[in-house]
Amino acid sequence: MNVGEVPQEGNATHKGQRRGVYARDVDGRLRLVLSKGWEAEEIVTRQAVEAFEALAAAALERARLGKSSPLEYHMYRARMDPVLLAQASGLWRWRVRRHLKSTVFAGLPPALRQRYADAIGITPARLETLD
Amino acid sequence: MDTATGGFIHRQASHCESGVMSAILRHHGQPISEPMAFGLSSALAFAYLPFIRLSGLPLVSYRMLPKAIIRGLQKPFGFAMRTETFASPEKGAARLNDLLDAGQVVGLQVSVFWLPFIPPDFRFHFNAHNLLAYGRDALTGDYLVSDPVLETAVRCPAADLARARFARGALAPKGLLYYPANPPREPEWKTAIPAAVRKTARIMLHTPFPLIGVKGMRWLARAIGRLPAAADAQAAKRYIGHLVRMQEEIGTGGGGFRFMYAAFLEEAAPLAQRPALAALAAELVDIGDGWREFALAAARMIRDRDPLDPARLAQRLHAQAAREQTFFAALADAVRK
């Protein structure tokens, strides 16, 4: 890649930050060049973000209908899945999966709620709500 | 690009671990570039590890696993890196504060997700990011942080840094911090460079495990070829999008490691008095461009600008594997004893 070919089309996901890449300068030597990002990267980054946004939206819908717990919504909002939430909270996967149900979640003791809230990085009060 | 604060100079790099290690060595009087840190630690590689899952998708790496650069520079620079992990965030914070108060510049492994200065779209639960702490604001408790992939040094609130250092999951950092235990000295370039290059060529061509090096690329190509494009287009798109993300975001962009290694070869040739290395750099730049084309082709399929065709991507990957096989064989010849 030559210096002139370093993508500068801008990548909205970078929020204005520039990243360094090595490219060939006019004198034939490779050097670090700052890039505003390129579209291919933006596409795959947005794809991954949108996948979690879709999961969170679906979970929100289910939670509003009482078919799922707010925990499921907050889990996807934090870009986690049940496997990662189990690792982050130190609980078994099957317990996490069970706690995602609205009926089971409603009966969770405060200590467990606190544990989930810590793993997700929100307050226990917010974990009860859908915002 | 360079910002000086309290004796430490922030310089932007292309990749986190090589950026952190070159900054630590520079700070301790060994002025080396990021590509030199990357090349001398034999960090270039390829690995397809389907049994390590990130959001249910396999780990694909275009370099050696985390900590390879930290460990790999010890021998050429004749020094020891002290690494410490901690059972609790409190102990981890106390030790970091002690080291910073003693004037040490400290490398840290962190999760990207909890870092407030990273743009929101990049904040996934990826646990093997590296950055440097070089001081602390006595008033607010904020850490002075040099993240090599950023243009300038930043500040990070203590609570956020603690979360990032003690995130759990795959590749959990466990609060890992590292710093030199004794001062590094200048390498014996004429022996260190060929030795490091030989190691990279050996990893790429002769690892006795089929998921590493050129063999790993072929294995991944076959996995892509088997993707159910017709039956489940969304899943196939998620898989190839994930591959490109591993290459672009985590792999520093468009075969970025290939470009960086080419920069290393160029810089290494006169130091090692092996001009053949500089000649090979050009070929590796072309291979890096091949990775860029792979990423672009995949991205176009994800957005339906081209029809989804995993077999075509698999073919590109096989072609990349063939080129890298020829390249690393030539590289091995160039540094034969």
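**View 1. The contact between chain B and chain A in a predicted model**. In this predicted model, 50 residues of chain B are in contact with 45 residues of chain A, contact meaning heavy atoms within 4.5 Å. About 4100 Å² is buried between chain B and chain A, with carbon and sulfur atoms giving 56% of that area; buried area is the accessible area (1.4 Å probe) that two parts lose on being put together, summed over both. Asp121(B), Glu266(B) and Arg292(B) supply 15% of the area that chain B buries against chain A, more than any other three residues.

**View 2. Salt bridges and polar contacts between chain B and chain A**. Six salt bridges are counted between chain B and chain A, each defined as a side-chain nitrogen of Lys or Arg within 4 Å of a carboxyl oxygen of Asp or Glu. One of them joins Arg29(A) to Glu266(B), with the closest N and O atoms 3.8 Å apart. Across the interface of chain B and chain A, 15 residue pairs (both at pLDDT 80 or more) are in polar contact, that is, a pair of N or O atoms within 3.5 Å, where within protein one must be able to donate a hydrogen and the other to accept it, and residues adjacent in sequence count only if both atoms are side-chain atoms.

**View 3. Helices on the side of chain B that touches chain A**. The elements that give two or more residues to this side are helices H2 (34-40), H8 (233-248), H9 (256-272) and H10 (276-302) of chain B; helices (H or I, at least four residues) and strands (E, at least two) are DSSP runs, numbered from the N terminus. H10(B) provides the largest share, nine residues.

**Conventions.** Residues are numbered from 1 along each chain as its sequence is written, and chains are lettered from A in the order in which they are written. Local features need pLDDT of at least 70 and side-chain atom pairs count only at pLDDT 80 or more, whereas totals for chains, interfaces and linings use all residues, and side-chain values use heavy atoms, with hydrogens and water left out.
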